[in-house]
Amino acid sequence: MPIDHDLLAPPSHFEAKCHKLKRLVQSPNSFFMDVKCPGCVQITTVFSHAQTVVFCSSCATVLCRPTGGKARLTEGCSFRKKID
């Protein structure tokens with residue numbers, strides 16, 4: 001069975017499907033993100049795999065709820081990944 005891609009420079013979509021420890025360069029799946037509250041438009045930093053309920057500091061609205069893996073954002077919340 002022939003290999004359809006270069007093993008030394010695999011395409012990004014192939015690397016994204018691999019387990020975090022089996023990638024060419026190991027990298028975590030988790031990240032920090034800025035979440036914008038739909039009520040007061042304040043930005044809060046949240047971990048992508050948060051294990052507790054995260055509230056807005058000014059209006060006490062629930063921003064995200066934990067699931068088994070990644071945290072689920074509530075409806076109306078927008079986010080962006082934080083850059084190093």
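**Notes on a predicted model: salt bridges, hairpins and core**

1. Let's start with charge. The side chains of Asp34 and Lys82 meet in a salt bridge, with N and O 3.2 Å apart. This pair ties together distant parts of the chain: Asp34 sits in strand S1 and Lys82 in the segment after S6, 48 residues apart. Keep in mind as you read that this is a predicted model.

2. Put together, Asp34, Arg80 and Lys82 make up a network of salt bridges. The structure holds two salt bridges.

3. How buried or exposed are the members of this network? Asp34 counts as buried, at 12% relative accessibility. Arg80 is exposed, with a relative accessible area of 53%. Lys82 is partly exposed, at 40%.

4. Now a charged residue without such a partner. Arg23 lies in the loop between helix H1 (12-17) and S1. Arg23 is buried yet has no salt bridge.

5. What does the side chain of Arg23 reach instead? Another is the backbone oxygen of Glu15, at 3.1 Å. Leaving aside neighbours within four places in sequence, Arg23 is in contact with Glu15, Ala16, Cys18, Pro28 and Asn29.

6. On to the strands. S1 (residues 32-36) and S2 pair in the antiparallel sense over five bridges, and Phe32 stands opposite Phe47 in S2. The two strands form a hairpin with six residues between them. Strand S2 (residues 43-47) has two faces: Thr44 and Val46 are on the covered one, while Ile43, Thr45 and Phe47 are on the uncovered one.

7. There is also an open sheet of three strands, in the order S3-S4-S5, with antiparallel pairing. Its edge strands are S3 and S5 (72-73), each pairing on one side only. S3 and S4 pair over two bridges, with Phe55 standing opposite Val62 in S4. Strand S4 (residues 62-65) and S5 likewise pair over two bridges. Across that pairing, Cys64 stands opposite Leu73, and the bridge partner of Arg65 is Arg72. S4 and S5 form a hairpin with six residues between them.

8. Most residues other than glycine have a negative phi. Val41, in the loop between S1 and S2, has a positive phi near 60°. Ala60, in the loop between S3 and S4, also has a positive phi near 60°. Are these two buried or exposed? Val41 is exposed, with a relative accessible area of 54%, and Ala60 counts as exposed at 55%. The S3-S4 hairpin that holds Ala60 in its turn has six residues between its strands.

9. Which residues make up the largest nonpolar core? It has twelve residues: Phe31, Met33, Val35, Cys37, Val46, Ala50, Val54, Cys56, Leu63, Cys64, Ala71 and Cys77. The elements that give two or more residues to this core are S1 and S4. Val46 turns up here as a core residue and also on the covered face of S2. As for Ala50, its contacts beyond four places in sequence are Pro66 and Ala71.

10. One last stop is Ser48, in the loop between S2 and strand S3 (54-55). Ser48 is buried, with a relative accessible area of 2%. Not counting residues up to four places away in sequence, Ser48 touches Ser30, Phe31, Met33, Lys70 and Ala71. Among these, Phe31, Met33 and Ala71 belong to the largest nonpolar core.

How values were computed:
Residues are numbered from 1 along each chain as its sequence is written. This is a predicted model: local features need pLDDT of at least 70, side-chain atom pairs count only at pLDDT 80 or more; totals for chains, interfaces and linings use all residues. Side-chain values use heavy atoms; hydrogens and water are left out. Buried means under 20% relative accessible area, exposed over 50%, partly exposed in between (1.4 Å probe, protein chains only). Helices (H or I, at least four residues) and strands (E, at least two) are DSSP runs, numbered from the N terminus. Two strands pair if DSSP finds at least two bridges between them. Contact means heavy atoms within 4.5 Å. Lys and Arg count as positive and Asp and Glu as negative; His and the chain ends are not counted. A salt bridge is a side-chain nitrogen of Lys or Arg within 4 Å of a carboxyl oxygen of Asp or Glu. A polar contact is a pair of N or O atoms within 3.5 Å; within protein, one must be able to donate a hydrogen and the other to accept it, and residues adjacent in sequence count only if both atoms are side-chain atoms. A nonpolar core is a set of buried Ala, Val, Leu, Ile, Met, Phe, Trp, Tyr and Cys residues joined through side-chain atoms within 4.5 Å.
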